[in-house]
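Good morning. Please have the sequence and the model open while I talk. I will go from the whole chain to single residues.

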Amino acid sequence: MKIINNFSLDLSDLPATTETRDFVVSGTNGAMFSLEIKNEDSYYYNFTTNAFQAAKARLENKMIVGNSARGSITFPTISDDDHYDVYLFAEGDTKHAEYKEVRFGDGTIDINSSTGSNSLLIKKIIYQYTDITLTLATYNPTAAFTIGSLVNDTFTLSRGKSGGKVPFTISCTSGSGASFKIKKQPTPHDVLSFVTPTVGSAPEKLPGENEYPAVSNTDTVDGDFTAAPTKIVMDTNVANKMVVGDKITIETTSLTDTVDGAVSSGQKIVMDNNVNTKMAVGDRVLGIDGVNDTSIVSVTHLNPDGDNVKEFQIDLILGGGTRVLDGSTLTFVPKCNRQLFTVAALNPDGDNVKEFSYVADDGGGAVFGMVDGATLSFSNRMNYQWPLNNINHVKTGMIVVPSTNVTAATAVGQYVDTVTIHENTELEQVIVKNRAAALNTKAQKPTVVKGLVTTQAGNVVFNKQQVLALAGDAVKVGGYGVDRILDIHGYEIKFTKLAVALTAVATTTTAASSSSTSVVLAARDGIMNSVSTVSGIGIDPDAVNPTVNSGANATGAGTIVLSAAQTLESGITLTFPGAGKVATITGEMEIVKAGTADATLRFDVEKLLTSA
């Protein structure tokens, strides 16, 4: 029996243009094989004409001489994406080497990485793609200043191929009446790359995490809600005080009152004052004689018979060692301070902007009451761990570009819950109680298309807690520099000769001036106070070019004031370097290896420019 040991052919993506690839079939001397190649239109490769044709064709019964047989395949130029199925058949008394299977993350077979065969056939596939586009652009991630028009530069590349070294030019224009000033010259570390996954609706609490770390706002209850309704009216517009998901607590943790008459049986107790000013349904009652501190006794009714506003009822039947002593002090602890209740909806009925509804943490029908005038505290829910629809290309250490619901200085990083013992002593020690990895697929399979992972759902852990309002947002996750370009887009790129320059402002005078620091201009756009200098006909050539002291930082015609008096004619052209409305970044880019899809690389102009 003769063996085909190996089939060597470059199976990487083909460019849109014609390319010839060599193949080698290795094995036992005298082993026989046939090779067939078919494109997506079911045309066959003719090894004689080196072209694809409708009639079936293949390299028939080729013999290995020595230990290998060689040949080549010429793939044509395409105008749309194509692929080629490659079939290697063992013929006669020949068979393939033992089959070794490789699978993708989604469980499907990776035929190009698998070797050998359990049959007479080995199948491979080669994909051919039209060209991709790489775009260079400017970007201001935090909108620290307004950008008007943009001029990008684009490059056409073949997937996975080198693009050589090319020059580029990109620019941006300041918005409104603002002007740019150069802060520093660009480097490759100013190039920002990111992916934009969507955040899921249900963050996951990590062990040891405090999901409600701080009170975010407070407001006062407007009305008597001691009977425990699920809708509460406040003094002000609830949209200004809370958001859905906030934890609710009562700022006054407990109220007290004195018992008016001993009770040794039953469930009703009379107090010295009106009960609806001291307690609410659901409150815990402390101070009952004979009740263990760990037992919870709760208020069930206020004025249960409707005949005594100082009477209330509890869920414990007194007697057998439990009693209420005359004159004793009872303490009432709000239910919402010992069980988690969160804001469910703002203005739930659409008729009162001061009303909200709430829900218990168990999703059940638990309710709590509160007295009129009570101060409620609202704590935003915050979480480290969030589900994303795609964590493909996301790595530990990547930043999250600032946006409305993103906590400042957020990055992707593992969660570590620690406690310090013997603090500030020689025995001080930090103990790790809980830990969570930055990325977790949660056992979800990726989506694989044409051999590439396109989507991998999973959880990400941020180094800072994020508000619940982040749910549903599309967030930008990435970083700066050429390493992040490779991580995010799969492009290997080098930048050289980077520079940023401002287009000097040129305008004309509309009135003559004589030994005056005031100059009337047709336009002041792009001129910056204390930064722009001035040159032109009439400016004293023997003196340092004067600086614009005031009157700039504006649009349209007007008067500027210079640092030195000048005598100028009307209608002359003056130039104002040092600041400008148009910033242009130039340089050279070497594409060592292109990625597999279109990409945009963004120079962060907030690192390069200031605006005023």
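Helices (H or I, at least four residues) and strands (E, at least two) are DSSP runs, numbered from the N terminus. This is a predicted model, in which local features need pLDDT of at least 70 and side-chain atom pairs count only at pLDDT 80 or more, while totals for chains, interfaces and linings use all residues. Residues are numbered from 1 along each chain as its sequence is written, and side-chain values use heavy atoms, with hydrogens and water left out.

First, the whole chain. How many helices and strands does the chain have? There is one helix, and there are 47 strands. Along the principal axes, the C-alpha trace spans about 110 × 100 × 60 Å. The radius of gyration, taken over C-alpha atoms, is compared with a globule rule of 2.2 Å times the number of residues to the power 0.38. For a compact globule of 612 residues that would be near 25 Å, but the chain has 38 Å.

Now burial. Buried means under 20% relative accessible area, exposed over 50%, and partly exposed in between, with a 1.4 Å probe and protein chains only. Buried residues are 43% of the 612 in the chain. Contact means heavy atoms within 4.5 Å. Of the contacts with a separation of 6 or more, 74% join residues 24 or more positions apart.

Next, the cores. A nonpolar core is a set of buried Ala, Val, Leu, Ile, Met, Phe, Trp, Tyr and Cys residues joined through side-chain atoms within 4.5 Å. The largest has 31 residues, and Leu-134, Phe-168, Tyr-491, Phe-495, Met-589 and Leu-609 have the most contacts inside it. Elements giving two or more residues to this core include strand 11 (132-139), strand 14 (164-174) and strand 45 (582-593). Which strand gives the largest share of this core? That is strand 38, with five residues.

Take Phe-168 as an example. Leaving aside neighbours within four places in sequence, its contacts include Leu-136, Phe-155, Phe-495, Ile-585, Met-589 and Phe-603. There is also a second, separate core of 25 residues, with Phe-7, Phe-23, Tyr-45 and Leu-88 among them.

Ala-228 lies in the loop between strand 17 (217-220) and strand 18 (231-233). Its phi is near 70°, a positive value in a residue other than glycine. Is Ala-228 buried or exposed? Its relative accessible area is 9%, so Ala-228 counts as buried.

Ala-443 is in the loop between strand 33 (439-440) and strand 34. Ala-443 also is not a glycine and has a positive phi, about 65°. With a relative accessible area of 75%, however, Ala-443 is exposed.

Thr-187 sits in the loop between strand 15 (180-182) and strand 16 (191-195). Why is Thr-187 called partly exposed? Because its relative accessibility is 30%. From Thr-187 to Gly-580 there are 393 residues in sequence and 21 Å in space, C-alpha to C-alpha.

That is the end of the tour. Thank you.
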